[in-house]
Amino acid sequence: MIQLHHLNNSRSQRILWMLEELGQDYEIKHYQRDADSQLAPDSLRRVHPLGKAPVLTDGDITLAESGAIIDYLAQTYGRQTLLPAMNTPDWWDYVYWLHYAEGSLMPPLLMRHVFDKVQQAPVPFFVRPIVNKIVAGVDKAFLHKQIKTHLNFVADHLACHDWFAGDAFGAADIQMSFPLEAAMHRSELADSYPRLRAYVSALQARPAYLKALEAGGPYLYGPKAEV
């Protein structure tokens with residue numbers, strides 16, 4: 001049976017979703033972030049030297065990295081349902097978005113998250129203005145422009161396409177879900193990009209996505225409760 005080492009509020013949530021879309025039986029090994037540091041527990045280092053999730057085991061194969069896992073699952077169990085035909089333009093779109101999600105889109109979003117944590121960290125009152133000035137400077141000079149450039153690029157693609165690779169939902173959409181959920185979790189970005197917000201809402205309404213939420217437990221970037 002497939003075994004997934006799953007960390008709460010992490011990229012491994014999309015692997016649960018992938019398994020549900022594929023209808024595969026699997027076992028979850030749950031791990032919880034440290035309440036103070038929000039880092040993964042040391043017990044994950046016994047699974048993979050980097051101590052990160054997701055890690056998937058299927059028979060003799062053990063894989064880390066979301067893109068590698070999604071590609072393995074899609075090519076092993078979902079060729080007819082979640083992948084375009086190989087060596088077509090849609091196939092190369094799949095390859096592109098599979099790598100773009102973590103290689104280009106996620107880094108500035110992660111940096112924005114880290115700087116948010118820096119601003120929220122307790123520091124002496126006389127240091128706070130310096131911290132805020134540094135964060136604001138980096139945001140103005142780099143982060144804001146980078147995030148805007150990438151989200152404009154993705155929104156332009158989705159303005160002309162329903163999905164990322166071809167005419168049907170597929171593995172590329174699952175890979176792209178995590179950075180877009182993280183972006184749309186920020187209300188100022190969700191308000192600025194209605195097409196991306198609608199796309200994420202469509203993903204989060206899929207039955208397999210909802211089953212994965214039940215299996216994985218609370219997920220920070222999941223559908224927001226109606227108010």
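**Exercise 1.** In what order do the four strands of the open sheet lie, and what pairing do they have?

*Solution.* The model examined here is predicted.
Step 1. Reading across the open sheet gives the order β2-β1-β3-β4, and the pairing is mixed.
Step 2. The edge strands are β2 (26–31) and β4 (61–64), since each of them pairs on one side only.
Step 3. From one strand to the next, the twist averages 15 degrees.

**Exercise 2.** Describe how strand β1 is joined to β2, and name bridge partners in β2.

*Solution.* 
Step 1. Strand β1 covers residues 2–7, and six bridges join β1 to β2.
Step 2. The two strands run parallel.
Step 3. Tyr31 in β2 is the bridge partner of Leu7.
Step 4. Likewise, Leu4 has Ile28 of β2 as its bridge partner.

**Exercise 3.** Characterise helix α5 by its length, its bend and its burial.

*Solution.* 
Step 1. Helix α5 spans residues 171–184, which amounts to 14 residues.
Step 2. The distance from its first C-alpha to its last is 20 Å, close to the 20 Å expected at 1.5 Å a residue.
Step 3. At Ser177, α5 bends by about 40 degrees, and the proline Pro179 follows within four residues.
Step 4. Helix α5 is mostly covered, as 14 of its 14 residues are buried.

**Exercise 4.** Is His150 buried or exposed?

*Solution.* 
Step 1. Locate the residue: His150 belongs to helix α4 (residues 128–160).
Step 2. Compare its value with the cut-off: a residue counts as buried under 20% relative accessible area.
Step 3. The relative accessible area of His150 is 14%, and therefore His150 is buried.
Step 4. Identify its surroundings: apart from neighbours within four places in sequence, His150 is in contact with Tyr100, Ser104, Leu105 and Pro108.

Conventions
Residues numbered from 1 in each chain as written. Predicted model: local features only at pLDDT ≥ 70, side-chain atom pairs only at ≥ 80, totals over all residues. Heavy atoms only, no water. Expected span 1.5 Å × (residues − 1). Bend = angle between axes of the 7 residues up to and from the residue. Buried < 20%, exposed > 50% of the residue type's maximum accessible area, 1.4 Å probe, protein only. Pairing = 2+ DSSP bridges. Axes fitted to C-alpha atoms, helices over the stretch in contact; angles between N-to-C directions. Contact = heavy atoms within 4.5 Å.
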